[in-house]
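Dear colleague,

Here is the structure I said I would pass on. My notes on it follow below.

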Amino acid sequence: MTERKKSRTKPVQAEVNIGLVGHVDAGKTSLVEALTGKWVDTHSEELKRGISIRIGYADASFFKCEKCDKHAYFTNSEKCPKCNAKAKFLRRVSFVDAPGHETLMATMLSGAALMNGAVLVVAANEPCPQPQTIEHLNALEISGVKKIVVAQNKVDLVEKKEAERNHEEIAKFLSEFGYKNVPIVPTAAHFRGNIDLLIEEIERTIPTPKSDLKKPLKMYCGRSFDVNKPGTKINELKGGVLGGTIISGKVKVGDTIEIGPGPMGKKIITTVKRINCSSGELSEAVPGGLIAIETTLDPSIAQNDQLKGQIIGKPGTLPEPTSEISVGVHFIKRSVTDIAPEIKTNEMLVLTIGTMTSIGTILSSNNKKAKIALKKPVIVEKGQRIAISKREKMKWRLVAYGEIE
Ligand code: ZN
(Lines give C-alpha, C1' and ligand atoms only; values in the text may rest on other atoms or scores of the structure.)
Protein backbone atom coordinates (compact mmCIF):
# COMPACT_ATOMS: atom_id res chain seq x y z
CA MET A 1 0.00 0.00 0.00
CA THR A 2 1.38 3.37 -0.89
CA GLU A 3 1.10 6.37 1.38
CA ARG A 4 -1.56 7.94 -0.82
CA LYS A 5 -3.89 4.97 -0.37
CA LYS A 6 -3.57 4.85 3.39
CA SER A 7 -4.49 8.39 4.14
CA ARG A 8 -7.72 10.28 3.63
CA THR A 9 -6.82 13.24 5.77
CA LYS A 10 -3.55 14.20 4.10
CA PRO A 11 -3.50 15.47 0.50
CA VAL A 12 -3.63 12.55 -1.92
CA GLN A 13 -1.74 12.56 -5.19
CA ALA A 14 -3.68 11.13 -8.13
CA GLU A 15 -2.22 7.86 -9.33
CA VAL A 16 -3.46 7.67 -12.91
CA ASN A 17 -4.00 10.19 -15.72
CA ILE A 18 -7.07 9.66 -17.84
CA GLY A 19 -7.52 11.69 -20.99
CA LEU A 20 -10.90 13.02 -22.03
CA VAL A 21 -10.80 12.99 -25.80
CA GLY A 22 -13.29 13.29 -28.60
CA HIS A 23 -15.09 15.67 -30.88
CA VAL A 24 -15.61 19.22 -29.68
CA ASP A 25 -19.42 18.96 -29.43
CA ALA A 26 -19.53 15.59 -27.75
CA GLY A 27 -20.01 17.12 -24.29
CA LYS A 28 -16.60 16.65 -22.71
CA THR A 29 -16.91 19.66 -20.43
CA SER A 30 -20.17 18.53 -18.86
CA LEU A 31 -18.75 15.03 -18.51
CA VAL A 32 -15.71 16.39 -16.63
CA GLU A 33 -18.09 18.28 -14.36
CA ALA A 34 -20.26 15.21 -13.80
CA LEU A 35 -17.20 13.09 -13.01
CA THR A 36 -15.33 15.52 -10.83
CA GLY A 37 -18.11 17.50 -9.16
CA LYS A 38 -16.81 20.70 -7.65
CA TRP A 39 -13.77 20.97 -9.81
CA VAL A 40 -14.18 24.69 -10.39
CA ASP A 41 -14.07 25.27 -6.63
CA THR A 42 -11.02 23.07 -6.27
CA HIS A 43 -9.33 25.17 -8.89
CA SER A 44 -10.00 28.46 -7.11
CA GLU A 45 -8.71 26.87 -3.87
CA GLU A 46 -5.43 26.29 -5.67
CA LEU A 47 -5.36 29.85 -6.82
CA LYS A 48 -5.81 31.00 -3.23
CA ARG A 49 -2.81 28.98 -2.23
CA GLY A 50 -0.93 30.84 -4.91
CA ILE A 51 0.25 27.83 -6.83
CA SER A 52 -1.85 26.58 -9.64
CA ILE A 53 -1.75 23.70 -12.06
CA ARG A 54 -3.27 25.30 -15.09
CA ILE A 55 -3.10 22.40 -17.48
CA GLY A 56 -6.53 21.32 -18.77
CA TYR A 57 -7.29 18.91 -16.00
CA ALA A 58 -9.50 18.10 -13.06
CA ASP A 59 -8.99 15.57 -10.27
CA ALA A 60 -11.55 13.30 -8.66
CA SER A 61 -11.53 10.68 -5.92
CA PHE A 62 -13.40 7.49 -6.79
CA PHE A 63 -15.43 5.72 -4.11
CA LYS A 64 -17.48 2.55 -4.00
CA CYS A 65 -20.24 1.57 -1.59
CA GLU A 66 -19.82 -2.04 -0.54
CA LYS A 67 -23.28 -2.22 1.04
CA CYS A 68 -25.11 -1.45 -2.18
CA ASP A 69 -24.35 -4.41 -4.44
CA LYS A 70 -24.45 -2.99 -7.97
CA HIS A 71 -22.96 0.05 -9.69
CA ALA A 72 -22.36 1.84 -6.42
CA TYR A 73 -19.55 4.01 -7.77
CA PHE A 74 -19.34 7.74 -7.23
CA THR A 75 -16.85 10.58 -6.77
CA ASN A 76 -15.71 12.89 -4.01
CA SER A 77 -18.01 11.70 -1.22
CA GLU A 78 -17.15 9.38 1.63
CA LYS A 79 -20.83 8.60 2.09
CA CYS A 80 -22.90 6.54 -0.33
CA PRO A 81 -25.50 8.80 -1.99
CA LYS A 82 -27.97 5.88 -2.06
CA CYS A 83 -27.76 4.32 1.42
CA ASN A 84 -25.60 6.83 3.32
CA ALA A 85 -23.14 4.13 4.44
CA LYS A 86 -19.42 4.91 4.67
CA ALA A 87 -17.91 4.24 1.27
CA LYS A 88 -14.57 2.71 0.31
CA PHE A 89 -11.96 5.02 -1.22
CA LEU A 90 -10.68 3.47 -4.46
CA ARG A 91 -8.17 5.93 -5.90
CA ARG A 92 -7.61 9.48 -6.98
CA VAL A 93 -7.68 10.16 -10.70
CA SER A 94 -6.47 13.10 -12.82
CA PHE A 95 -8.59 13.81 -15.88
CA VAL A 96 -6.57 15.44 -18.63
CA ASP A 97 -8.68 17.45 -20.99
CA ALA A 98 -7.71 17.41 -24.64
CA PRO A 99 -8.87 20.29 -26.80
CA GLY A 100 -11.36 19.04 -29.35
CA HIS A 101 -10.59 21.74 -31.86
CA GLU A 102 -8.50 20.51 -34.74
CA THR A 103 -6.09 23.46 -34.75
CA LEU A 104 -5.04 22.39 -31.27
CA MET A 105 -4.00 18.93 -32.37
CA ALA A 106 -0.41 19.56 -31.23
CA THR A 107 -1.74 20.35 -27.76
CA MET A 108 -3.84 17.20 -27.86
CA LEU A 109 -0.77 15.19 -28.80
CA SER A 110 1.36 16.64 -26.03
CA GLY A 111 -1.49 15.91 -23.60
CA ALA A 112 -1.63 12.33 -24.85
CA ALA A 113 1.97 11.89 -23.71
CA LEU A 114 0.69 12.29 -20.13
CA MET A 115 -2.23 9.86 -20.43
CA ASN A 116 -2.33 6.32 -19.04
CA GLY A 117 -5.75 5.67 -20.50
CA ALA A 118 -8.61 7.66 -22.01
CA VAL A 119 -12.32 8.20 -22.05
CA LEU A 120 -13.37 8.75 -25.64
CA VAL A 121 -16.48 10.91 -25.64
CA VAL A 122 -18.77 10.33 -28.61
CA ALA A 123 -22.09 12.11 -29.11
CA ALA A 124 -24.97 9.66 -29.62
CA ASN A 125 -26.80 12.19 -31.81
CA GLU A 126 -24.02 12.49 -34.42
CA PRO A 127 -22.68 9.97 -36.92
CA CYS A 128 -19.51 8.27 -35.67
CA PRO A 129 -16.70 8.91 -36.40
CA GLN A 130 -16.40 12.69 -36.60
CA PRO A 131 -13.06 13.97 -38.02
CA GLN A 132 -11.70 14.86 -34.58
CA THR A 133 -12.70 11.45 -33.25
CA ILE A 134 -10.44 9.90 -35.88
CA GLU A 135 -7.57 12.31 -35.17
CA HIS A 136 -7.84 11.76 -31.44
CA LEU A 137 -7.85 8.00 -31.79
CA ASN A 138 -4.80 8.26 -34.05
CA ALA A 139 -3.13 10.36 -31.36
CA LEU A 140 -3.94 7.79 -28.68
CA GLU A 141 -2.62 4.98 -30.82
CA ILE A 142 0.63 6.83 -31.56
CA SER A 143 1.10 7.68 -27.89
CA GLY A 144 0.62 4.04 -26.94
CA VAL A 145 -2.60 4.68 -24.99
CA LYS A 146 -4.28 1.30 -25.19
CA LYS A 147 -6.83 1.35 -22.38
CA ILE A 148 -9.95 3.22 -23.38
CA VAL A 149 -13.58 3.49 -22.33
CA VAL A 150 -16.18 5.14 -24.55
CA ALA A 151 -18.79 7.48 -23.11
CA GLN A 152 -21.62 7.44 -25.62
CA ASN A 153 -22.88 10.78 -24.45
CA LYS A 154 -26.16 12.65 -25.01
CA VAL A 155 -28.20 9.43 -25.19
CA ASP A 156 -31.05 11.44 -23.69
CA LEU A 157 -31.33 13.26 -27.03
CA VAL A 158 -31.98 10.20 -29.21
CA GLU A 159 -34.49 7.36 -29.58
CA LYS A 160 -33.45 3.89 -28.44
CA LYS A 161 -33.10 2.62 -32.05
CA GLU A 162 -30.80 5.50 -32.97
CA ALA A 163 -28.69 4.93 -29.85
CA GLU A 164 -28.30 1.26 -30.80
CA ARG A 165 -27.27 2.12 -34.36
CA ASN A 166 -24.78 4.68 -33.03
CA HIS A 167 -23.44 2.06 -30.60
CA GLU A 168 -22.75 -0.28 -33.53
CA GLU A 169 -20.99 2.51 -35.46
CA ILE A 170 -18.73 3.19 -32.48
CA ALA A 171 -17.84 -0.50 -32.01
CA LYS A 172 -17.05 -0.87 -35.72
CA PHE A 173 -14.92 2.26 -35.77
CA LEU A 174 -12.94 1.12 -32.71
CA SER A 175 -12.26 -2.33 -34.10
CA GLU A 176 -10.90 -0.79 -37.31
CA PHE A 177 -8.26 0.80 -35.09
CA GLY A 178 -7.53 -2.50 -33.40
CA TYR A 179 -9.32 -1.54 -30.18
CA LYS A 180 -11.29 -4.65 -29.19
CA ASN A 181 -13.72 -5.16 -26.32
CA VAL A 182 -13.86 -1.48 -25.45
CA PRO A 183 -16.73 -0.80 -23.03
CA ILE A 184 -19.24 1.65 -24.50
CA VAL A 185 -21.25 3.32 -21.74
CA PRO A 186 -24.34 5.35 -22.67
CA THR A 187 -24.26 8.58 -20.64
CA ALA A 188 -26.28 11.77 -20.23
CA ALA A 189 -23.68 13.98 -18.58
CA HIS A 190 -26.04 16.93 -18.16
CA PHE A 191 -28.20 14.86 -15.82
CA ARG A 192 -25.30 12.80 -14.40
CA GLY A 193 -26.95 9.84 -16.09
CA ASN A 194 -24.91 6.60 -15.87
CA ILE A 195 -21.85 8.31 -14.41
CA ASP A 196 -21.73 5.45 -11.86
CA LEU A 197 -21.47 2.92 -14.70
CA LEU A 198 -18.81 4.99 -16.43
CA ILE A 199 -16.69 5.06 -13.25
CA GLU A 200 -17.17 1.32 -12.85
CA GLU A 201 -15.89 0.70 -16.39
CA ILE A 202 -12.94 3.08 -15.89
CA GLU A 203 -12.03 1.13 -12.74
CA ARG A 204 -12.28 -2.15 -14.63
CA THR A 205 -10.47 -1.04 -17.81
CA ILE A 206 -7.83 1.55 -16.90
CA PRO A 207 -5.55 0.26 -14.14
CA THR A 208 -3.05 2.37 -12.26
CA PRO A 209 0.26 1.89 -14.09
CA LYS A 210 3.03 0.18 -12.18
CA SER A 211 5.63 2.76 -11.30
CA ASP A 212 9.26 2.08 -10.66
CA LEU A 213 10.40 4.42 -7.92
CA LYS A 214 13.98 3.17 -8.17
CA LYS A 215 14.37 4.46 -11.72
CA PRO A 216 15.81 7.95 -12.13
CA LEU A 217 13.35 10.84 -12.01
CA LYS A 218 11.73 11.69 -15.32
CA MET A 219 8.94 14.23 -15.45
CA TYR A 220 7.22 15.69 -18.50
CA CYS A 221 6.51 19.37 -18.18
CA GLY A 222 3.09 20.14 -19.66
CA ARG A 223 2.71 23.74 -18.41
CA SER A 224 4.84 26.36 -16.73
CA PHE A 225 3.98 29.68 -15.15
CA ASP A 226 4.80 32.70 -13.11
CA VAL A 227 2.24 32.64 -10.27
CA ASN A 228 3.08 36.10 -8.91
CA LYS A 229 0.56 38.90 -9.15
CA PRO A 230 1.83 42.10 -10.75
CA GLY A 231 3.39 44.35 -8.13
CA THR A 232 4.50 41.58 -5.75
CA LYS A 233 7.43 42.71 -3.58
CA ILE A 234 10.74 41.16 -4.55
CA ASN A 235 11.18 39.33 -1.24
CA GLU A 236 7.70 37.82 -1.61
CA LEU A 237 8.15 36.63 -5.18
CA LYS A 238 7.58 32.93 -5.80
CA GLY A 239 9.87 31.05 -8.17
CA GLY A 240 8.84 29.62 -11.53
CA VAL A 241 6.30 26.76 -11.40
CA LEU A 242 6.47 23.59 -13.51
CA GLY A 243 3.28 21.57 -14.03
CA GLY A 244 3.27 18.04 -15.36
CA THR A 245 3.48 14.36 -14.64
CA ILE A 246 6.26 12.18 -13.27
CA ILE A 247 6.83 9.19 -15.56
CA SER A 248 9.37 7.42 -13.34
CA GLY A 249 11.21 7.95 -10.08
CA LYS A 250 10.27 10.50 -7.45
CA VAL A 251 11.03 14.02 -6.33
CA LYS A 252 10.91 15.69 -2.94
CA VAL A 253 11.04 19.18 -1.55
CA GLY A 254 14.64 20.36 -1.33
CA ASP A 255 15.85 18.21 -4.24
CA THR A 256 18.09 19.67 -6.92
CA ILE A 257 16.60 19.09 -10.37
CA GLU A 258 17.75 19.58 -13.92
CA ILE A 259 15.53 20.85 -16.72
CA GLY A 260 16.43 19.81 -20.24
CA PRO A 261 16.94 20.50 -23.07
CA GLY A 262 16.53 23.91 -21.42
CA PRO A 263 14.84 27.04 -22.76
CA MET A 264 17.80 27.98 -24.99
CA GLY A 265 18.96 24.42 -25.55
CA LYS A 266 21.10 24.65 -22.42
CA LYS A 267 20.03 22.59 -19.39
CA ILE A 268 19.21 24.52 -16.25
CA ILE A 269 19.51 23.48 -12.61
CA THR A 270 17.15 24.54 -9.85
CA THR A 271 15.81 23.52 -6.44
CA VAL A 272 12.35 22.19 -5.55
CA LYS A 273 10.73 24.63 -3.09
CA ARG A 274 7.22 23.22 -2.93
CA ILE A 275 5.19 20.47 -4.57
CA ASN A 276 1.43 20.71 -5.00
CA CYS A 277 -1.29 18.44 -6.28
CA SER A 278 -4.93 19.46 -6.56
CA SER A 279 -5.73 18.25 -3.04
CA GLY A 280 -2.87 20.11 -1.39
CA GLU A 281 0.83 20.27 -0.67
CA LEU A 282 3.07 17.19 -0.87
CA SER A 283 6.51 16.63 0.61
CA GLU A 284 7.28 14.03 -2.05
CA ALA A 285 5.70 13.22 -5.42
CA VAL A 286 5.67 9.96 -7.35
CA PRO A 287 4.41 8.96 -10.84
CA GLY A 288 0.76 9.58 -11.71
CA GLY A 289 -1.54 12.56 -11.63
CA LEU A 290 -0.65 16.11 -12.42
CA ILE A 291 1.58 17.97 -10.02
CA ALA A 292 3.09 21.43 -9.83
CA ILE A 293 6.61 22.08 -8.65
CA GLU A 294 7.57 25.51 -7.38
CA THR A 295 11.25 26.09 -8.02
CA THR A 296 13.81 28.74 -7.18
CA LEU A 297 13.95 29.74 -10.85
CA ASP A 298 13.42 33.33 -11.89
CA PRO A 299 9.65 33.29 -12.52
CA SER A 300 10.07 35.07 -15.87
CA ILE A 301 11.78 31.93 -17.24
CA ALA A 302 8.65 29.88 -16.52
CA GLN A 303 5.94 32.36 -17.50
CA ASN A 304 3.42 31.64 -20.28
CA ASP A 305 4.28 27.95 -20.66
CA GLN A 306 7.81 28.75 -21.78
CA LEU A 307 9.07 25.51 -20.22
CA LYS A 308 6.31 23.35 -21.69
CA GLY A 309 7.84 20.30 -23.33
CA GLN A 310 10.91 20.25 -21.10
CA ILE A 311 11.98 17.12 -19.26
CA ILE A 312 12.82 17.22 -15.58
CA GLY A 313 15.36 14.86 -14.03
CA LYS A 314 18.10 14.71 -11.42
CA PRO A 315 21.33 16.49 -12.47
CA GLY A 316 23.42 14.44 -14.87
CA THR A 317 20.75 11.84 -15.64
CA LEU A 318 19.06 13.35 -18.69
CA PRO A 319 20.28 12.41 -22.19
CA GLU A 320 22.06 15.13 -24.15
CA PRO A 321 19.79 17.37 -26.25
CA THR A 322 19.98 16.95 -30.01
CA SER A 323 18.95 19.07 -32.99
CA GLU A 324 18.91 16.28 -35.52
CA ILE A 325 16.98 13.03 -35.32
CA SER A 326 16.66 9.89 -37.42
CA VAL A 327 13.30 8.13 -37.39
CA GLY A 328 11.56 5.14 -38.87
CA VAL A 329 8.42 6.54 -40.53
CA HIS A 330 5.00 4.94 -40.10
CA PHE A 331 2.08 6.63 -41.85
CA ILE A 332 -1.23 6.54 -40.04
CA LYS A 333 -3.74 4.14 -41.51
CA ARG A 334 -6.75 6.36 -41.39
CA SER A 335 -6.34 10.02 -42.22
CA VAL A 336 -9.16 12.54 -42.02
CA THR A 337 -8.20 14.02 -45.36
CA ASP A 338 -6.76 12.65 -48.60
CA ILE A 339 -3.38 14.11 -47.69
CA ALA A 340 -0.61 12.13 -49.37
CA PRO A 341 1.25 9.65 -47.16
CA GLU A 342 4.69 10.98 -47.98
CA ILE A 343 7.29 13.30 -46.51
CA LYS A 344 9.76 14.93 -48.84
CA THR A 345 13.23 16.39 -48.49
CA ASN A 346 13.11 20.08 -47.46
CA GLU A 347 9.50 19.78 -46.30
CA MET A 348 8.58 21.51 -43.04
CA LEU A 349 6.78 19.49 -40.38
CA VAL A 350 5.46 19.89 -36.87
CA LEU A 351 6.77 17.27 -34.49
CA THR A 352 5.34 16.43 -31.11
CA ILE A 353 7.96 14.80 -28.91
CA GLY A 354 6.64 14.03 -25.44
CA THR A 355 4.99 17.31 -24.43
CA MET A 356 7.33 19.30 -26.67
CA THR A 357 6.30 20.71 -30.03
CA SER A 358 9.06 21.55 -32.50
CA ILE A 359 9.28 22.56 -36.14
CA GLY A 360 11.40 20.23 -38.23
CA THR A 361 12.82 20.26 -41.74
CA ILE A 362 13.31 16.98 -43.58
CA LEU A 363 16.98 16.56 -44.50
CA SER A 364 16.38 13.25 -46.26
CA SER A 365 13.48 10.84 -46.58
CA ASN A 366 12.57 7.70 -48.49
CA ASN A 367 9.19 7.54 -46.70
CA LYS A 368 10.45 4.67 -44.56
CA LYS A 369 13.28 6.45 -42.84
CA ALA A 370 13.85 10.15 -42.45
CA LYS A 371 16.47 12.47 -41.08
CA ILE A 372 15.01 15.63 -39.58
CA ALA A 373 16.66 18.88 -38.49
CA LEU A 374 14.86 20.53 -35.57
CA LYS A 375 14.41 24.23 -34.98
CA LYS A 376 14.93 23.73 -31.25
CA PRO A 377 16.85 20.92 -29.58
CA VAL A 378 15.00 18.04 -27.93
CA ILE A 379 15.72 15.15 -25.61
CA VAL A 380 14.78 11.80 -27.09
CA GLU A 381 15.32 8.15 -26.35
CA LYS A 382 15.78 5.29 -28.80
CA GLY A 383 12.45 3.68 -29.67
CA GLN A 384 10.43 6.73 -28.56
CA ARG A 385 7.46 7.59 -30.74
CA ILE A 386 7.01 11.10 -32.04
CA ALA A 387 3.99 12.48 -33.89
CA ILE A 388 4.52 14.02 -37.32
CA SER A 389 2.05 16.60 -38.65
CA LYS A 390 2.05 18.09 -42.10
CA ARG A 391 0.61 21.34 -43.37
CA GLU A 392 -2.46 21.08 -45.53
CA LYS A 393 -4.66 24.07 -46.44
CA MET A 394 -3.50 26.19 -43.51
CA LYS A 395 -3.98 23.33 -41.04
CA TRP A 396 -1.54 20.96 -39.44
CA ARG A 397 -2.65 17.39 -40.01
CA LEU A 398 -1.33 14.33 -38.25
CA VAL A 399 0.17 12.11 -40.99
CA ALA A 400 2.63 9.75 -39.40
CA TYR A 401 4.58 8.80 -36.37
CA GLY A 402 8.30 8.37 -36.24
CA GLU A 403 10.23 5.93 -34.13
CA ILE A 404 13.55 7.32 -32.91
CA GLU A 405 16.51 5.26 -34.16
ZN1 ZN B 1 -24.72 2.35 -0.56
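Asparagine 346 sits in the loop that runs between β17 (322-331) and β18 (348-353). Its phi is positive, about 80°, although the residue is not a glycine. Asparagine 346 is exposed, with a relative accessible area of 62%. Please keep in mind that this is a predicted model.

Asparagine 194 also has a positive phi, near 65°, and is likewise a residue other than glycine. The loop that holds asparagine 194 lies between β7 (184-186) and α7 (195-205). With a relative accessible area of 29%, asparagine 194 is partly exposed.

A positive phi is found at a glycine as well: glycine 37, which follows α2, has a phi near 65°. As for the helix itself, α2 (residues 28-36) is mostly covered, with seven of its nine residues buried. The buried residues are Lys28, Ser30, Leu31, Val32, Ala34, Leu35 and Thr36.

Next, the cis peptide bonds. The bond from cysteine 128 to proline 129 is cis, with omega near 5°. Proline 129 belongs to the loop between β5 (117-123) and α5 (131-142). The bond from glycine 260 to proline 261 is also cis, again with omega near 5°. In this case the proline, residue 261, is in the loop between β11 (256-260) and β12 (268-277).

On the overall layout, the protein is divided into domain 1 (12-205), domain 2 (218-313) and domain 3 (322-404). The C-alpha centres of domain 1 and domain 2 are 27 Å apart. Domain 1 gives 23 residues to the contact and domain 2 gives 26 residues.

What is the area buried between domain 1 and domain 2, and what percentage of it do carbon and sulfur atoms give? The area is about 2100 Å², and carbon and sulfur atoms give 55% of it. Nine residue pairs are in polar contact between domain 1 and domain 2, counting pairs with both residues at pLDDT 80 or more. Zero salt bridges are found across this interface by the rule used.

On the side of domain 1 that touches domain 2, the elements that give two or more residues are β1 (16-22), α3 (39-49), β2 (57-64) and β4 (88-97). By class, that side of domain 1 has ten nonpolar, seven polar and six charged residues.

Regards

Key
Residues numbered from 1 in each chain as written. Predicted model: local features only at pLDDT ≥ 70, side-chain atom pairs only at ≥ 80, totals over all residues. Heavy atoms only, no water. Domains from an automatic or database assignment. Contact = heavy atoms within 4.5 Å. Buried area = accessible area lost by both parts, 1.4 Å probe. Salt bridge = Lys/Arg side-chain N within 4 Å of Asp/Glu carboxyl O. Polar contact = N/O pair within 3.5 Å; in protein donor to acceptor, adjacent residues only side chain to side chain. Helix = DSSP H or I, 4+ residues; strand = E, 2+ residues; numbered from the N terminus. Nonpolar A, V, L, I, M, F, W, Y, C, P; charged D, E, K, R; others polar. Buried < 20%, exposed > 50% of the residue type's maximum accessible area, 1.4 Å probe, protein only.
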